[in-house]
Amino acid sequence: VTAPLRTSTNAGAGPARTRAVTTRAHAVRTGDGPVSPAVGNVRPARAVQLRIVPRRRRAAGFAVFLSVLVAAVMLGTAVLHTQLAERQLEIDRVERAVDEAQQRFDVLRRQRAELRAPTHLAAEASRLGMVPSGGDGDFVAVDAWTMAQAIAASGSAPTPDDALRALEPLDQYRLVKQVDGAGAVESPIAGNDP
Amino acid sequence: VAARRSTSRAARFAAGSPRRRLIAVLVALVVFLVAVLARVGALQTSQGETLRAAGARQWTRTREIQATRGTIFDRNGEELAMSVPASTVTINPKLIEDPAATAATLQSVLGLTDERRAELEQVMAAKDRGFYYVARQIDDAIGEQIDALDLVGVDVVAEDRRILPGGITGRSVMGQTDIDGVGTAGIELQYDDLLTGTGGEETREVAPGGRSIPGTESVARAPVPGDDLILTIDRSIQFATEQALIDQVNALGARGANGIVMDTKTGEILAMASVRRSSDTGVVEVASGNYAVVDADEPGSVAKVVTVAASLNEGAITPEMTFEVPWRKKWYDDLLADAEQHPTEWWNAEEILVRSSNIGVMEIQQMIGREKHWEYMRAFGLGEKSALDFPGESTGIVKDPDDLWGSERVTVAYGQGFASTSIQLASAINTIANDGTYVAPKLVAATVGPAGEITQTAPSATHEVISAETAQLVQSYMVQVVCRGTAENAQIDQFTVAGKTGTGYKPQANGTYFDDQGRRVYFSSFVGFFPAEDPQVTLLISVDEPPAETNGRFGSQAAAPVFAKLAPTIIHEQNIQPPAITHGCDGG
């Protein structure tokens with residue numbers, strides 16, 4: 001079946017150009033030979049209803065698809081931006097918390113250093129009426145069981161949660177510096193996950 | 001034909017035939033757009049950076065962020081010097097609208113004096129500068145109070161403050177920084193580059209008029225904190241040394257004192273203390289200068305150990321060889337004498353050292369010769385800066401043998417006619433304690449990098465000066481010096497001590513060893529080590545200008561007792577155990 005011809009004429013004086021509008025059923029296959037246009041009384045077993053889709057509807061469909069796509073992208077972008085902003089806010093909050101913790105650590109580190117200083121210890125010892133032993137004092141051996149009982153009673157036995165407290169000042173300082181310096185955190189506490 | 005063409009051209013642009021006009025307009029628009037695009041391209045590429053920077057300069061301000069200065073730790077990780085957060089208050093007088101009110105507010109919060117408030121008000125009113133410090137490195141809490149007031153033209157910025165948490169303990173070694181955190185003395189100066197770190201940059205947006213827009217601050221370049229230093233110093237031993245020296249200087253009425261505690265095997269300095277009596281107040285306190293390495297004095301009889309060790313090592317003398325020792329003898333037109341009068345005796349090297357005989361040790365030096373003696377002095381580290389390379393460190397004075405004049409040629413044998421620093425002298429005697437191997441003194445054990453990693457410093461350089469056999473022989477002589485010689489005051493319980501006293505003279509500005517009142521001026525010392533069977537710690541104590549009129553002027557009275565007083569603390573802190581077999585003074 002051959003579709004009807006549409007003819008268009010150039011505005012100028014040139015030759016008329018024709019364009020064939022074809023459908024999928026516009027040709028039949030005969031034997032093994034090449035496809036040839038259906039001619040004469042050769043008819044298809046069932047007539048196919050063909051129609052030309054108006055270009056306007058196709059454009060409208062495309063426009064709708066495009067609008068949906070754009071809207072989806074915009075929505076996605078908005079969601080992404082919102083999430084980024086939320087993450088940034090969270091990062092800012094965490095960074096502020098880290099800064100505050102760092103400052104608090106510095107203040108406490110200073111206090112501890114001052115309290116542990118020999119000058120302070122000597123002054124406190126004198127204030128409490130303590131005097132140097134004079135080098136002739138005797139050491140008294142402490143029974144291990146008695147010591148264990150004393151530790152248990154005072155609750156001063158170290159626990160995993162107290163591990164950081166048990167670290168020496170330099171180790172604590174290095175641990176904080178590792179975090180601050182963006183280095184891999186390697187806990188100096190054996191067997192303790194960072 | 002021409003007329004038709006003209007008519008045709010006119011017809012083409014005539015009303016009612018817009019095609020060509022549209023094309024012309026289109027072309028013009030395209031050309032214009034291309035020009036605009038080209039200009040935009042040029043602005044964004046070749047001139048982009050310049051213009052962006054120029055724009056940013058108009059509405060942003062950049063401030064340097066100070067990098068946190070590294071901490072100085074002792075060998076046990078205790079802080080000796082550290083930087084703590086603080087605030088600095090500055091003003092921009094040009095922005096301040098009410099100088100009187102602003103100055104009054106700052107005065108009330110900062111506790112300024114009336115004079116300072118008036119000065120501030122004057123600066124604010126003058127408006128001839130855009131920056132002025134009000135108070136630097138104040139407590140953070142006060143800084144926050146001022147910041148909360150939101151005063152126009154008043155800024156509060158973070159600026160660390162350097163502190164010594166242990167007070168002035170170790171100040172002589174640590175040195176100090178200036179208000180800007182730059183090292184000006186001591187370790188702070190020597191390792192300033194390492195401790196300083198790299199500053200960062202912070203940008204903030206400003207509104208017209210120069211006021212900062214809150215919340216626009218951003219770190220353009222993060223500061224990198226300085227490395228930390230881990231010294232070989234033990235803070236407890238340092239404190240104990242300083243206190244012992246202060247007590248002794250007060251007891252004697254001396255001018256000052258130095259103390260050095262050194263690990264015999266590694267050369268690590270466990271304590272290095274200098275105390276001085278203030279010329280203004282008369283109070284004795286830890287000195288700001290490290291006189292143990294900066295000052296060089298004649299060591300006196302401690303140097304006899306070097307002379308004896310060198311002669312034995314060279315085979316110039318033997319332990320059995322004896323020398324005729326009168327109490328005084330003429331050398332190079334000078335009548336030189338021992339400290340105490342005694343009959344002429346025949347003494348071997350041990351006895352000469354135990355009795356600290358000047359005459360005897362000069363006889364020994366004659367056996368080895370001046371040149372060889374000089375070579376040994378240099379090998380013991382005398383006459384050159386130590387490996388510490390401390391700021392202002394003295395090389396001491398060891399003249400070439402050919403430059404020695406008169407009786408100097410022989411008096412160098414007993415420590416007169418050359419000068420050494422305390423660290424040189426301690427290192428020289430430590431060579432004997434370390435079985436004849438000189439080990440360079442060391443003050444920095446390790447550094448801590450930006451990510452907390454510890455980097456150990458290289459071990460101290462060593463070189464053999466005398467054989468182990470000779471060193472052990474001299475050690476036994478030095479044990480006898482403590483057991484029955486001039487250093488009995490250095491004995492301690494449970495440990496055998498080896499050492500040598502020294503009483504040197506201090507040259508005066510008048511070119512003599514006497515001050516303007518005609519009195520000798522002394523520099524007394526004791527250098528010893530323990531346990532003598534396996535030396536682990538070498539300790540030098542020197543007292544500067546003990547009173548000439550008392551027995552306290554001698555090393556045996558001025559310095560040796562400090563050694564004995566300090567040793568138990570060192571033994572405790574270093575957990576030194578008495579050797580399984582202790583010779584003691586009886587079993588020597």
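Asp99(A) sits in helix α1 of chain A, which spans residues 55–116 (helices are DSSP runs of H or I with at least four residues, strands are E runs of at least two, both numbered from the N terminus). This is a predicted model, with pLDDT of at least 70 needed for local features and 80 or more for side-chain atom pairs, while totals for chains, interfaces and linings use all residues. Side-chain values use heavy atoms, leaving out hydrogens and water, residues are numbered from 1 along each chain as its sequence is written, and chains are lettered from A and ligands numbered from 1 in the order written.

With a relative accessible area of 49%, Asp99(A) comes out as partly exposed (buried is under 20%, exposed over 50%, partly exposed in between, using a 1.4 Å probe and protein chains only). Its C-alpha atom is 41 Å from that of Met130(A), 31 residues apart along the chain. Chain A as a whole has five helices and two strands, running β-β-α-α-α-α-α along the sequence. Of its 194 residues, 10% count as buried. Among chain A contacts (heavy atoms within 4.5 Å) between residues at least 6 apart in sequence, 33% join residues at least 24 apart.

Over in chain B, the largest nonpolar core has 117 residues, and those with the most contacts inside it include Ile72(B), Leu231(B), Ile432(B) and Met478(B). Such a core is a set of buried Ala, Val, Leu, Ile, Met, Phe, Trp, Tyr and Cys residues joined through side-chain atoms within 4.5 Å. Apart from it lies another core, of 16 residues, including Val123(B) and Ile138(B).

Two helices of chain B, α17 (residues 422–433) and α18 (residues 468–484), have axes that come within 8 Å and cross at roughly 110°. Axes here are lines fitted to C-alpha atoms, for helices over the stretch in contact, with angles from 0 to 180 degrees between N-to-C directions. α17(B) and α18(B) are therefore roughly perpendicular (65 to 115 degrees; under 35 is roughly parallel, over 145 roughly antiparallel, the rest oblique). Ile429(B), Ile432(B) and Ala433(B) on α17(B) meet Ala471(B), Val474(B), Gln475(B) and Met478(B) on α18(B).

Ser83(B), in strand β3 (residues 79–84) of chain B, counts as buried at 8% relative accessibility. Among the residues that Ser83(B) touches are Thr68(B), Asp160(B) and Arg162(B), leaving aside residues up to four places away in sequence.
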